[in-house]
Amino acid sequence: MGGKAFGNFGGSGRERARRRGQGQLEAQVLAALHHSPGPATAAWVQERLSGDLAYTTVMTILSRLHAKQAVTRERSGRAYVWTPAADEAGLAALRMRRVLDGEPDRDAVLTSFVSALSAHDEQLLRTLLGRDAADGPGPAESLTTAEDLSTADDPATAEEPRTAPAPGRHHPSDEARGG
């Protein structure tokens with residue numbers, strides 16, 4: 001089964017492996033899966049990566065992507081077939097969420113993040129939060145700027161009490177508070 005190879009690397013396999021950045025292999029595997037006509041085996045993915053990775057390495061990457069919920073898998077005989085559940089942007093979003101989940105002070109992390117956004121990114125975030133708020137009540141309704149984000153839960157600066165998030169929706173600082 002021939003096909004387009006993903007990744008153009010020179011030198012031996014060991015030299016190539018050392019040169020790859022963190023997450024690059026995951027991105028290459030996801031790219032291969034996105035180009036597959038349907039669910040693909042690890043062997044199919046390995047072949048698309050110019051055969052420069054060991055089968056066990058491809059399986060490890062696929063397993064890690066599965067643990068990150070970036071791919072799904074289904075039994076097909078003795079093997080699994082894999083399907084992308086997220087594109088590269090989705091994988092980046094998963095990584096960002098994991099970083100946020102690992103921080104004890106979510107409010108401070110989000111405040112710092114929003115404060116550092118470019119004007120364009122801030123407007124995009126406002127639009128996305130506004131669209132989310134239109135879907136139903138939630139934390140996005142009163143968060144419009146980095147300043148609002150940093151003072152939203154401060155009783156000294158709050159003008160009105162905040163409403164509880166809709167079922168299934170969580171305030172960004174719930175985990176930091178143990179909720």
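Which residues does lysine 68 touch, not counting residues up to four places away in sequence? The legends below refer to a predicted model, and the first view takes up this residue.

**View 1. Lysine 68 and its contacts.** Lysine 68 sits in the loop between α4 (55-67) and β1 (71-76). Leaving aside residues up to four places away in sequence, lysine 68 touches Glu26, Leu91, Leu94 and Arg98. Its relative accessibility is 19%, so lysine 68 counts as buried, because buried means under 20% relative accessible area.

**View 2. Glutamine 69, in the loop between α4 and β1.** Glutamine 69 has a relative accessibility of 60% and therefore counts as exposed, the limit for exposed being over 50%. The phi of glutamine 69 is near 65°, a positive value in a residue other than glycine. Most residues other than glycine have a negative phi.

**View 3. Overview of the protein.** The secondary structure comprises eight helices and two strands. Read from the N terminus, the order of elements is α-α-α-α-β-β-α-α-α-α. Of the 179 residues in the protein, 27% are buried. Among contacts with a separation of 6 or more, 50% join residues 24 or more positions apart.

**View 4. The contact of α2 with α4.** Two packed helices are described by the angle between their axes and the distance between the axes. For helix α2 (residues 24-34) and α4, the axes come within 10 Å and cross at roughly 85°. The two helices α2 and α4 are therefore roughly perpendicular to each other. From α2, the residues in contact are Leu25, Glu26, Val29, Leu30 and Leu33, and from α4 they are Ile61, Leu62, Arg64 and Leu65. By type, the residues of this contact are seven nonpolar, no polar and two charged.

View 5. In α2, the buried residues are Glu26, Gln28, Val29, Leu30, Ala31, Ala32 and Leu33. Their cover includes α3, α4, β1, β2 (79-84) and α5 (88-101). The largest nonpolar core has 19 residues, of which Val29, Leu33, Val45, Leu62 and Leu65 touch the most other members. At least two residues of this core come from each of α2, α3 (42-48) and α4. Valine 45 touches Val29, Ala32, Leu33, Ala40 and Val58, again not counting residues up to four places away in sequence.

**View 6. Glycine 23 and arginine 95.** Glycine 23 is placed in the loop between α1 (13-19) and α2. With a relative accessible area of 22%, glycine 23 is partly exposed. In sequence, glycine 23 and arginine 95 are 72 residues apart, while their C-alpha atoms are 9.9 Å apart in space.

**View 7. The contact of α5 with α6.** The axes of α5 and helix α6 (residues 106-115) cross at roughly 135° and come within 9 Å. Helices α5 and α6 are therefore oblique to each other. Met96, Arg97, Leu100 and Asp101 of α5 meet Arg106, Val109, Leu110 and Phe113 of α6. The residues of this contact comprise five nonpolar, no polar and three charged.

Definitions and conventions. Residues are numbered from 1 along each chain as its sequence is written. This is a predicted model: local features need pLDDT of at least 70, side-chain atom pairs count only at pLDDT 80 or more; totals for chains, interfaces and linings use all residues. Side-chain values use heavy atoms; hydrogens and water are left out. Helices (H or I, at least four residues) and strands (E, at least two) are DSSP runs, numbered from the N terminus. Buried means under 20% relative accessible area, exposed over 50%, partly exposed in between (1.4 Å probe, protein chains only). Contact means heavy atoms within 4.5 Å. Axes are lines fitted to C-alpha atoms, for helices over the stretch in contact, and angles run from 0 to 180 degrees between N-to-C directions. Angles under 35 degrees count as roughly parallel, over 145 as roughly antiparallel, 65 to 115 as roughly perpendicular and the rest as oblique. Ala, Val, Leu, Ile, Met, Phe, Trp, Tyr, Cys and Pro count as nonpolar, Asp, Glu, Lys and Arg as charged, and the others, Gly among them, as polar. A nonpolar core is a set of buried Ala, Val, Leu, Ile, Met, Phe, Trp, Tyr and Cys residues joined through side-chain atoms within 4.5 Å.
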